Amino acid sequence: MPIESQMSNIDNDIFTDFGAVMIPQAPAGFKSGFIGIIGRPNVGKSTLMNELVGQKIAITSPVAQTTRNRLRGILTTETAQLIFVDTPGIHKPHHQLGEVLVKNAKIAIESVDVVLFVVDGTVPCGAGDRYIAELLINSRTPVILGINKIDQQPEDSQKIDETYLQLANTYQWQTVKFSAKSGTNLSELQNLLINHLDPGPFYYPPDLVTDQPERFIMGELIREQILLLTREEVPHSVAIAIDLVEETPKITRVLATIHVERDSQKGILIGKGGTMLKSVGSAAREQIQKLIAGKVYLELFVKVQPKWRHSRIRLAELGYRVEE
């Protein structure tokens with residue numbers, strides 16, 4: 001169950017979500033809060049959160065709209081606990097799934113303490129950025145404009161930066177330039193975010209990096225490999241269901257079903273002689289082994305679910321719901 005920022009009096013409480021782990025009392029002057037990472041698809045939001053928390057918990061891909069669920073990443077320092085809420089890229093939806101994703105991203109704007117509006121510093125401010133800016137000005141949540149990908153900027157980057165600085169000046173937003181990929185200026189970004197937080201408690205155990213269960217992360221790691229290996233042939237018609245996780249002292253056995261919408265997509269995913277499915281499974285298994293720090297046996301199945309992205313019932317079955 002999500003833990004919202006308005007909760008109070010949680011010092012020394014025991015949360016069953018974390019296996020009855022005691023959450024310590026925060027020291028004097030400690031700050032904490034929820035930070036929504038908002039932006040167009042493929043501007044580097046998930047890469048940024050992974051770098052900030054120091055571990056891969058969100059999948060990344062060259063394909064736009066990779067993120068589907070609001071995923072929380074947790075960074076705890078000596079002076080603060082920052083809970084990052086990675087959201088789906090805000091875009092014009094074309095089906096029921098898209099509507100759910102965009103609505104959840106908009107809800108996140110109102111349910112966090114600070115919004116980090118991430119833009120792509122390799123291209124000028126566009127209509128999509130201005131659309132998000134219009135959404136943000138109707139919110140009371142403080143906004144920081146983060147210009148990402150500065151390591152990839154062209155020589156005339158000043159012209160690009162000016163388009164974003166003009167946007168920030170219009171709404172009196174603070175700005176910070178950084179590279180999620182190289183880590184440049186992330187400490188500056190982190191300090192700026194902490195400065196915007198109020199004194200508060202630990203919301204999560206200090207050693208936790210996400211509030212999502214391992215099963216969810218496993219499914220996302222499988223989906224990531226499908227996005228990387230099939231690219232435009234299958235991408236967004238895929239959903240993963242983890243059917244079984246069976247742990248033994250020597251190996252963890254994982255069975256998962258890949259849901260697609262058409263028989264042709266099933267054929268692409270399986271590949272000639274099962275080669276594509278084998279490649280996806282091998283790459284995903286390596287990532288899952290890093291996640292659990294142990295050996296993994298991964299078995300994948302492919303199932304056709306016609307038009308699942310257009311069905312509220314199918315979306316709910318596969319874990320996609322409008323967040324409260």
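For helices I took DSSP runs of H or I with at least four residues, and for strands runs of E with at least two, numbered from the N terminus. The model is predicted, so I note the limits: local features need pLDDT of at least 70 and side-chain atom pairs count only at pLDDT 80 or more, while totals for chains, interfaces and linings use all residues. Residues are numbered from 1 along each chain as its sequence is written, and side-chain values use heavy atoms, with hydrogens and water left out.

**Entry: overall counts**

I find nine helices and eleven strands in the protein. Of its 324 residues, 51% count as buried; buried means under 20% relative accessible area, exposed over 50%, and partly exposed in between, with a 1.4 Å probe and protein chains only. I also looked up contacts (heavy atoms within 4.5 Å). Among those with a separation of 6 or more, 72% are between residues 24 or more positions apart.

**Entry: helix H8**

H8 covers residues 275-292, 18 residues in total. I get 26 Å from its first C-alpha to its last, close to the expected 26 Å, the expected span being 1.5 Å times one less than the number of residues. Its buried residues are Met276, Leu277, Val280, Gly281, Ala284, Gln287 and Ile288. Viewed down the axis, the buried residues of H8 fall within an arc of 135 degrees, so they line one face of the helix. The arc is that of the directions from the helix axis to the C-beta atoms. Exposed Lys278 and Lys290 sit on the face turned away from the buried side. I looked up what the buried residues pack against: helix H6 (214-230), strand S10 (252-260), helix H7 (263-270) and strand S11 (296-304).

**Entry: nonpolar cores**

I define a nonpolar core as a set of buried Ala, Val, Leu, Ile, Met, Phe, Trp, Tyr and Cys residues joined through side-chain atoms within 4.5 Å. The largest has 27 residues, and Ile35, Leu48, Leu82, Phe84, Leu189 and Leu193 touch the most other members. Two or more residues each come from strand S3 (31-39), helix H1 (45-53), strand S5 (80-86), strand S6 (114-120) and helix H5 (186-195). H5 gives the largest share, five residues. A second, separate core has 24 residues, including Ile83, Val112, Ala133 and Leu136.

Leu48 is in contact with Leu116, Val118, Phe178, Ala180, Leu186 and Leu189. Leu52 lies in H1 and counts as buried because its relative accessibility is 6%. Leu52 touches Leu75, Phe84 and Leu186. The C-alpha atoms of Leu52 and Leu75 are 6.9 Å apart, at 23 residues in sequence.

Strands S7 (143-148) and S8 (174-177) pair in the parallel sense over four bridges; pairing requires at least two DSSP bridges. Ile144 stands opposite Gln174 in S8. With helix H4 (157-171), the two strands make a right-handed β-α-β unit. Right-handed means that, with the strands pointing away from the viewer, the path from the first strand over the helix to the second runs clockwise.

**Entry: other positive phi values**

Gln172 is not a glycine but has a positive phi of about 60 degrees. Gln172 is in the loop between H4 and S8 and counts as exposed because its relative accessibility is 74%. Asn185, in the loop between S8 and H5, has a positive phi near 65 degrees. At 31% relative accessibility, Asn185 counts as partly exposed.

Notes. Lists of a residue's contacts leave out its neighbours within four places in sequence.
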